[in-house]
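Biologist: Before we discuss any assignments, could you show me the model and then take me through the terms behind them?

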Amino acid sequence: MRKVAAELDTGPASLYAYVSQRGELLRLMHDAVIATVPLPAVGPGHWRERLAALVTDVVRALGAHPGIGRVSLGDIPTGPAWLSLFDRVLGLLLAGGIDRQRAAWGCDLIALHIGAVTYEVDSAAPAAGDGEGALQGALDARHARVGIEERLAGLDPVRYPHLAASTAELAAGPASARLALGIEVLIDGLAGGGSR
């Protein structure tokens with residue numbers, strides 16, 4: 001709160017006239033970022049593509065503001081922009097013929113995926129820099145920093161036969177492809193069962 005107050009050239013006590021605590025300020029900031037994401041129309045045609053693009057846009061928006069994506073982990077957001085976002089997500093899932101209960105639980109899975117990916121972006125943000133491609137850079141920096149290939153290279157192939165044989169595949173590919181796969185798996189999994 002002191003850093004925010006200093007940035008606004010005021011005292012921390014002044015902020016408490018607007019927010020009750022740091023957590024409330026973070027929730028408001030998170031919702032303000034979500035509000036920047038355009039919401040697609042709901043309808044049966046191309047619902048998968050629209051949902052995948054929407055989730056990608058949300059991850060990019062949150063990834064452009066290091067630290068703010070973590071707000072959704074451990075504290076379910078209920079700000080108006082977040083509610084509008086997930087009303088649209090639910091609408092798209094329902095437009096795809098997914099059973100209402102399955103679609104509702106799917107919203108939770110999608111929210112968790114968004115939170116997990118943006119948490120990874122947050123962890124790598126200092127290494128990624130700013131500007132165009134910051135999300136890709138942050139995800140790639142995080143992946144490189146973990147050094148998964150080097151960490152798996154010395155695995156005992158008798159004890160871990162599948163991991164040892166798949167070291168190159170586990171480390172391969174751009175982060176954007178990994179993000180797209182996660183979204184595809186979620187959408188296909190939700191659409192694969194419980195449809196009307």
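Modeller: Helices (H or I, at least four residues) and strands (E, at least two) are DSSP runs, numbered from the N terminus. This is a predicted model, in which local features need pLDDT of at least 70 and side-chain atom pairs count only at pLDDT 80 or more, while totals for chains, interfaces and linings use all residues. Residues are numbered from 1 along each chain as its sequence is written, and side-chain values use heavy atoms, with hydrogens and water left out.

Biologist: What makes the space lined by Leu51, Val55, Ile110, His113, Ile183, Leu186 and Ile187 a cavity?

Modeller: On a 1 Å grid over the protein atoms alone, a cavity is a set of points where a 1.4 Å probe fits but cannot get out, and lining residues have an atom within 4 Å of a point. The structure holds one cavity of 30 Å³ or more, and the largest cavity has a volume of about 40 Å³, a volume being the space filled by probe spheres set on the points, which are joined across faces, edges and corners. H4, H6 and H11 each supply at least two residues of its lining, with the largest share, three residues, coming from H11.

Biologist: Why are Trp82 and Phe86 called buried?

Modeller: Buried means under 20% relative accessible area, exposed over 50% and partly exposed in between, with a 1.4 Å probe and protein chains only. Trp82 has a relative accessible area of 5% and Phe86 one of 11%, so both count as buried.

Biologist: Why is the aromatic pair of Trp82 and Phe86 called tilted?

Modeller: Rings of Phe, Tyr and Trp (its six-membered ring) pair if their centres lie within 6.5 Å, and planes under 30 degrees apart count as stacked, over 60 as edge-to-face and the rest as tilted. The structure holds one aromatic pair. Trp82 and Phe86 lie 4.8 Å centre to centre with 45 degrees between the planes, and therefore pair as tilted. Both residues lie in helix H5 (residues 80-95), four residues apart, about one turn of the helix.

Biologist: How do you know that Ile110 touches Leu51 and Phe86?

Modeller: Contact means heavy atoms within 4.5 Å. By that test, and not counting residues up to four places away in sequence, Ile110 touches Leu51, Val55, Phe86, Val89, Leu93, Leu186 and Leu190.

Methods
1 Å grid on protein atoms, 1.4 Å probe; cavity = no way out; pocket = protein on both sides within 12 Å on 5 of 7 lines; lining within 4 Å.
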